[in-house]
Amino acid sequence: MSKHPNLPVAPEAMREQIEHAAALLDAGELVAFPTETVYGLGGDAENPEAVARIYAAKGRPANHPVIVHLAPHGDPNYWVEYLPADAQKLIDAFWPGPLTLILKRAAHIPAAVSGGQDSVGLRCPSHPVAQALLGAFSALRGGHGGVAAPSANRFGHVSPTTAQHVRDEFGVAIHVLDGGSSDVGIESTILDLSRGFPALLRPGRVTPQDLADVLGVAPRLPDGSDATAPRASGTLKAHYAPRTPLALLPFEALEPILAAARDAGERVALVARQSRAGGWAGAEGVHFVAAPEDPHAYARELYGLLRALDRAEVARILIEKLPDTIEWIAVNDRLGRAAAAFGAQD
Ligand code: TXA
Ligand code: MG
């Protein structure tokens with residue numbers, strides 16, 4: 001196993017845990033495991049009963065597809081009708097890593113993993129514990145095992161970036177492999193290659209520019225006007241939501257809300273870049289969180305932050321809207337959906 005700065009125990013000590021988890025997957029049970037993006041709730045992708053257990057545990061509608069995770073030397077060809085040249089280029093450039101490709105599903109792969117659609121989502125994670133688990137499971141399957149895994153959270157809630165987050169979601173009911181905190185912090189970039197042109201379904205750490213550099217053309221961006229786009233729950237308007245009401249507004253628009261809350265004696269959380277917050281950073285009744293100024297750091301901390309704010313006993317979470325620039329596209333996407341769960345934004 002390669003070195004990972006974040007592991008709670010030595011990789012050698014995890015070997016036994018990983019073998020055990022692979023055996024659970026082989027028996028049709030579920031295992032939550034770390035990836036570099038977020039923790040996944042995994043089950044054998046070729047066992048429709050295991051996939052049904054994932055849906056049941058998450059409380060997720062059965063027509064939403066899940067991503068199939070492959071070991072580093074797993075063969076994508078096994079899962080697809082054909083592998084387009086563009087897919088191979090992207091695999092060479094970004095796997096293992098936070099990029100999911102949507103491709104035409106091979107006929108022998110159960111439709112359950114794609115919610116009945118004719119495609120399949122494939123990803124090869126870079127986290128060493130995920131790789132070891134996928135490798136061990138795949139070995140039990142003659143080299144072709146794949147693990148279906150959505151994010152290990154209840155449907156619509158904030159994705160988990162630590163093992164403790166997964167336990168907070170599911171209690172002891174789900175077996176969790178602890179691989180430390182996820183480095184990327186938000187879900188993988190999803191690119192659809194199943195329709196003859198590249199279309200971004202979900203922004204992530206791999207940016208539209210990164211994709212364009214490899215493809216030679218810019219992918220179509222998700223702007224809501226793509227009526228033929230496949231269903232993707234991460235693309236639902238309201239998703240990734242904390243339980244406390246959340247508002248996402250430019251700082252100028254937050255100030256009157258902060259003032260009104262102060263006058264009403266209401267305790268609120270304020271997430272804003274230190275450079276913008278001014279006197280509100282230390283104001284009475286304001287639980288201030290200095291937001292990272294860098295998009296990668298922001299993404300890494302976002303979900304842990306939303307979870308912590310749910311426990312902070314504030315009436316509202318006020319978040320400073322970030323610049324509408326391409327470097328913030330993935331963070332803006334997640335913040336926008338979290339806020340949309342409370343109706344305010346579009
Ligand atoms: O980073 C990630 O992708 C994490 C980790 C665990 O790998 N997984 C994740 O899974 O975010 P999930 O299920 O929460 O989101 C996967 C997204 C969903 O929006 C799903 O609809 C979409 O991928 N997806 C998966 N297979 C698809 C398919 N065949 N067609 C269209 N969308 C698909
Ligand atoms: Mg999810």
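The chain of this predicted model holds 10 helices and 13 strands. Its radius of gyration is 20 Å, close to the 20 Å that the globule rule gives for 346 residues, so the chain is as compact as a globular protein of that length. Along the principal axes, the C-alpha atoms fill a box of roughly 65 × 45 × 35 Å. Buried residues make up 48% of the 346 in the chain. Among contacts with a separation of 6 or more, 68% are between residues 24 or more positions apart.

The chain is divided into two parts: domain 1 covers 11–234 and domain 2 covers 246–340. Taken over C-alpha atoms, the centres of domain 1 and domain 2 are separated by 30 Å. Domain 1 gives 15 residues to the contact and domain 2 gives 13 residues. On the side of domain 1 that touches domain 2, five residues are nonpolar, eight are polar and two are charged.

Strand 10, made of residues 246–249, shows how side chains are arranged on a strand of this model. In a regular strand, side chains alternate between the two faces of the sheet. The partner of strand 10 is strand 13, residues 316–320; the two run parallel and are joined by four bridges.

Definitions and conventions:
Residues are numbered from 1 along each chain as its sequence is written. Chains are lettered from A and ligands numbered from 1 in the order in which they are written. This is a predicted model: local features need pLDDT of at least 70, side-chain atom pairs count only at pLDDT 80 or more; totals for chains, interfaces and linings use all residues. The radius of gyration is taken over C-alpha atoms; the globule rule is 2.2 Å times the number of residues to the power 0.38. A residue is buried if 20 or more other C-beta atoms lie within 10 Å of its own, exposed if 12 or fewer, and partly exposed in between; C-beta atoms are placed from the backbone. Two residues are in contact if their C-beta atoms, placed from the backbone, lie within 7 Å. Two strands pair if DSSP finds at least two bridges between them. Domain bounds come from an automatic or database domain assignment. Ala, Val, Leu, Ile, Met, Phe, Trp, Tyr, Cys and Pro count as nonpolar, Asp, Glu, Lys and Arg as charged, and the others, Gly among them, as polar.
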